[in-house]
There are 2 protein chains.
Amino acid sequence: MEQITSFNPPHRILMGPGPSDVPQRILDASARPTIGHLDPEFIHLMDEIKQLLGFAFRTENRLTMPISAPGSAGMEACFVNLVEPGDKVLVCINGVFGNRMVENVNRCGGVAITVDDEWGKPVDPQKVEDALKADPEIKVLAFVHAETSTGVRSDAAALASLGKEHGCLVIADTVTALGGIDVRIDDWRIDASYAGTQKCLSCLPGVSPVTFSDEAAAKLSNRKQPVQSWFLDMNLVMAYWDDTTAQRSYHHTAPINALYALHESLIMLQEEGLEAAFARHKAMHDKLKEGLGGLGMEFLVEPEYQLPQLNLVCIPDGVDDAAVRNQLLEEYDLEIGAGLGGLAGKVWRIGLMGNSATEKNVNACVSALANIIE
Amino acid sequence: MEQITSFNPPHRILMGPGPSDVPQRILDASARPTIGHLDPEFIHLMDEIKQLLGFAFRTENRLTMPISAPGSAGMEACFVNLVEPGDKVLVCINGVFGNRMVENVNRCGGVAITVDDEWGKPVDPQKVEDALKADPEIKVLAFVHAETSTGVRSDAAALASLGKEHGCLVIADTVTALGGIDVRIDDWRIDASYAGTQKCLSCLPGVSPVTFSDEAAAKLSNRKQPVQSWFLDMNLVMAYWDDTTAQRSYHHTAPINALYALHESLIMLQEEGLEAAFARHKAMHDKLKEGLGGLGMEFLVEPEYQLPQLNLVCIPDGVDDAAVRNQLLEEYDLEIGAGLGGLAGKVWRIGLMGNSATEKNVNACVSALANIIE
């Protein structure tokens, strides 16, 4: 075999649906010397990460930690732990990730009931209420707070409240939400949530913060049959991550350096403050809207439901989707996202996530699009 | 919440059962700027990683790629994809990881049949042959090539050959083997294998190289029911990783920077050459044996079955296991591993994996133990 040489990635401006621009400070943290996953210094780091995630999720949940795999595995961790064969789960679908939730329910042997809303619209709480009333056997309600495929924010507080009124465990996808818009796990009574690191935390992709309420933890310890995934079985993961266990026991080898990075990214969020981070995302979103509006471009989503961190822009008539994205990448080192599913070819997904939500990026994006399209 | 500050890990010498010492060159690679998981430059990197893994595994298997999660998930990927409910699986147990395989079979709804050998002994091929003859319905044979809990090398070639003679798919755990001792996926006709990055590749923990033969791929595409894990469903993962697909489609967000690191570690293995790497592990193992022998210390495993990369040393009578390990860590910044399960308190696990297999490390370990124990 021919000798392969080291990889030197280009310096991209990441304005797609994630990963977002990773600050040098986080890259530097990730490259510090690797230590053992049972080293007392590492256990201390784990405890700090749990505290910091509690801060980001606004929760006191003891079971708050990162899953050692990407957001898709975070989603799976929530479903395989909380859904047993035969359990009815109400899944709200208004984009790709609602569909993925249904896949998860099916593969757990659960029974998925769905409420469907058009892609680009939020989940309709009235439909959810009707569905919950129609079937009192529904045990779990699942929805996506910030839909990465459509740029829509649904009303997580209202949806979770409906779920709790009807005795459900509530699972919320906060992959694209966390750090970009308000997420209040405890106030809203969300029982399980999974987030992403490579979105509004501007961290490396590869791990997924999760949190489970006491009610979810009770379900976990009272399961009739074992969790179908050994790797994602929270009963086992807890033995390694739970701070009330005096002696941490080995479950799997944690992704040490990825956790250095997560720790640093959460410290940066703590330094900035949640409200300030949300305000920055909102301000950059407004600036982007103004800039793209000046080019005559329209947003897919009604203003009330727009995510500041992920902007779905309708591709103007006569403009070649792929050609423009390629030109942005090749000539401007700027990545924006393509549409998914039924929105492919119709929209671009422009991310302003975490460290990508800066004036410099907004200006770069608007001026590049102006040059290419006009 | 009090402001948490950045983490600065100590510089440890890692001589436990993994992670091993990560070369600065790999840390540097991991900290290069993050790019998108669908960026053409990243797709090119993925293709090179597949080639390099083919080299390391000595395989032409098209389905050769890293799973985006640690070795435990690599194990799970092999089982959930290849075992369907009711399938009989013969699992060879001679340590912790054989037991974990049984857990995986059970959680797939498979029927585990086991052949057991004492911890510290290799898998006995005669027992395997007897078991395969006794039950022609066995569809899968699974064993651990290099047992990380005991430091034992089993005869992978002989075991795989027995499995194939009896019409089984063969799953081999090569987590601790890959890069440290010879692994020949194609020559030995192993159908599925998963490895670790943080062992003899001296890379960051967090991803797990896997490979599947054409026969395994056929089983995959002819399953009667979907794989129970969405995240680990190779039918879906292939759409992202498979080089014959013209347009890669999004499955999950790859751990970009962890893959920069894996790529660099495999390049380093290619530069050194497999045979040279194996010889280095063997030479350092011999040197460690000589040094520890001089201290009157004995090895748990018979010489014929000793893994050069993981040395199980009996703790001398009257020596306090935990106290010595703590002293090594605190005064010498040197990590060695504790015994697991029935071997806890009886042995130390001294790793000479990848970049940790150096004269400097052997000398540091032997002299530190001499100072502490004598």
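In this predicted model, 23 residues of domain 1 of chain A are in contact with 23 residues of domain 2 of chain A. The domain assignment places residues 13–18 and 274–373 of chain A in domain 1, and residues 24–270 of chain A in domain 2. The centres of these two domains of chain A, taken over C-alpha atoms, are separated by 27 Å. On the side of domain 1 of chain A that touches domain 2 of chain A, the elements that give two or more residues are helix 11 (274–294) and strand 11 (310–314) of chain A. The residues of that side of domain 1 divide into 13 nonpolar, 9 polar and 1 charged.

The contact between the two chains takes 65 residues from chain A and 65 residues from chain B. On the side of chain A that touches chain B, at least two residues each are supplied by helix 1 (24–30), helix 2, helix 3 (71–82), helix 4 (96–107) and helix 10 (256–272) of chain A. The largest share of this side, 8 residues, comes from helix 10 of chain A. When the residues of this side of chain A are sorted by class, 30 are nonpolar, 23 are polar and 12 are charged.

The arrangement of the two copies can be described by a rotation and a shift. Chain A can be laid on chain B with an RMSD of 0.0 Å by a turn of 180° and a shift of 0.0 Å along the axis, which is the relation of a two-fold axis. The same surface serves both copies, in that 100% of the contact residues of chain A recur in chain B. Of the residues of chain A, Ala69(A) comes closest to the rotation axis, with its C-alpha at 2.5 Å.

Within chain B, an open sheet of 7 strands has the order 2-10-9-8-5-3-4, and its pairing is mixed. Strand 2 (63–67) and strand 4 (111–116) of chain B are the edge strands, each of which pairs on one side only. On average, and with direction ignored, neighbouring strands of this sheet are turned by 15° against each other. Helix 4 (residues 96–107) of chain B packs on the sheet, where it touches strand 3 (88–93), strand 4, strand 5 (138–144) and strand 8 (169–173) of chain B, and the direction of this helix makes about 165° with that of strand 3 of chain B.

Both senses of pairing can be followed in individual strands. Strand 2 and strand 10 (residues 208–212) of chain B pair in the antiparallel sense over 5 bridges, and Ile67(B) stands opposite Ser208(B) in strand 10 of chain B. Strand 3 and strand 5 of chain B, by contrast, run parallel and are joined by 4 bridges, with Val140(B) in strand 5 as the bridge partner of Val89(B). Strand 5 of chain B also pairs in the parallel sense with strand 8 of chain B, over 5 bridges, and here Val140(B) stands opposite Leu169(B). Because 7 of the 7 residues of strand 5 of chain B are buried, this strand is largely enclosed by the rest of the structure.

Arg58(A) is found in the loop between helix 2 (40–57) and strand 2 (63–67) of chain A. Arg58(A) is partly exposed, with 15 other C-beta atoms within 10 Å. Not counting residues up to four places away in sequence, Arg58(A) touches Val183(A), Arg184(A), Ile185(A), Asp186(A) and Asp187(A).

Conventions
Residues are numbered from 1 along each chain as its sequence is written. Chains are lettered from A and ligands numbered from 1 in the order in which they are written. This is a predicted model: local features need pLDDT of at least 70, side-chain atom pairs count only at pLDDT 80 or more; totals for chains, interfaces and linings use all residues. Two strands pair if DSSP finds at least two bridges between them. Axes are lines fitted to C-alpha atoms, for helices over the stretch in contact, and angles run from 0 to 180 degrees between N-to-C directions. Two residues are in contact if their C-beta atoms, placed from the backbone, lie within 7 Å. Copies are superposed by least squares on the C-alpha atoms of residues with pLDDT of at least 70 in both. A residue is buried if 20 or more other C-beta atoms lie within 10 Å of its own, exposed if 12 or fewer, and partly exposed in between; C-beta atoms are placed from the backbone. Ala, Val, Leu, Ile, Met, Phe, Trp, Tyr, Cys and Pro count as nonpolar, Asp, Glu, Lys and Arg as charged, and the others, Gly among them, as polar. Domain bounds come from an automatic or database domain assignment.
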